[in-house]
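Hello,

Here is the structure for your files. My notes come after it.

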Amino acid sequence: MLDPQRDPMPGDRPVQAQVEEVMDRHVTPALGEVVGQVEFVVQEAGEELRHQLQRLAETVRAQPLTAIALAALAGFVFARLTER
C-alpha cells in the first residue's frame, strides 16, 4: 500500500511545502492587512477616548455640583447593587 507521507508521487510536492506556499501567498499578507486595520481602529478609539475624557473634564469644571451629585448617586446605586 502506498503511504502518501512516505512515498509521494513523483512530481508531487510535500504537503508541508504546499502549506508554506499558501501561508506565504495568502495568509501572511491577509494577516498583515488585518493587523494594519486593527492598529488603525485602536488608534482611533484611543483618540476618541481622550476626546471624551476631555469633554467630561470640561463638564465637571463647568458644573461641579452636578458632577458631585451624579458621583454620589452612582456610588449609592453601586452600593445597593453589591450589598447582600
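The notes below cover the model, the fold, the surface and the salt bridges.

This is a predicted model, in which local features need pLDDT of at least 70 and side-chain atom pairs count only at pLDDT 80 or more, while totals for chains, interfaces and linings use all residues. Residues are numbered from 1 along each chain as its sequence is written, and side-chain values use heavy atoms, with hydrogens and water left out.

The chain has 2 helices and 0 strands (DSSP runs numbered from the N terminus: H or I of at least four residues for helices, E of at least two for strands). Helix α1 covers residues 15–62, which is 48 residues. From first to last C-alpha α1 spans 67 Å, close to the expected 70 Å (1.5 Å times one less than the number of residues). At M23, α1 bends by about 45 degrees (the angle between axes fitted to the seven residues ending there and the seven starting there).

Of the 84 residues in the chain, 1% are buried (under 20% relative accessible area; exposed is over 50%, partly exposed in between; 1.4 Å probe, protein chains only).

One joins R25 and E21 at 3.3 Å, N to O. These two lie 4 residues apart in α1, so about one helical turn separates R25 from E21. R25 is exposed at 58%, and E21 is partly exposed at 26%. Another joins E83 and R80, at 3.3 Å, N to O; E83 is partly exposed at 47%.

Regards

Key. Salt bridge = Lys/Arg side-chain N within 4 Å of Asp/Glu carboxyl O.
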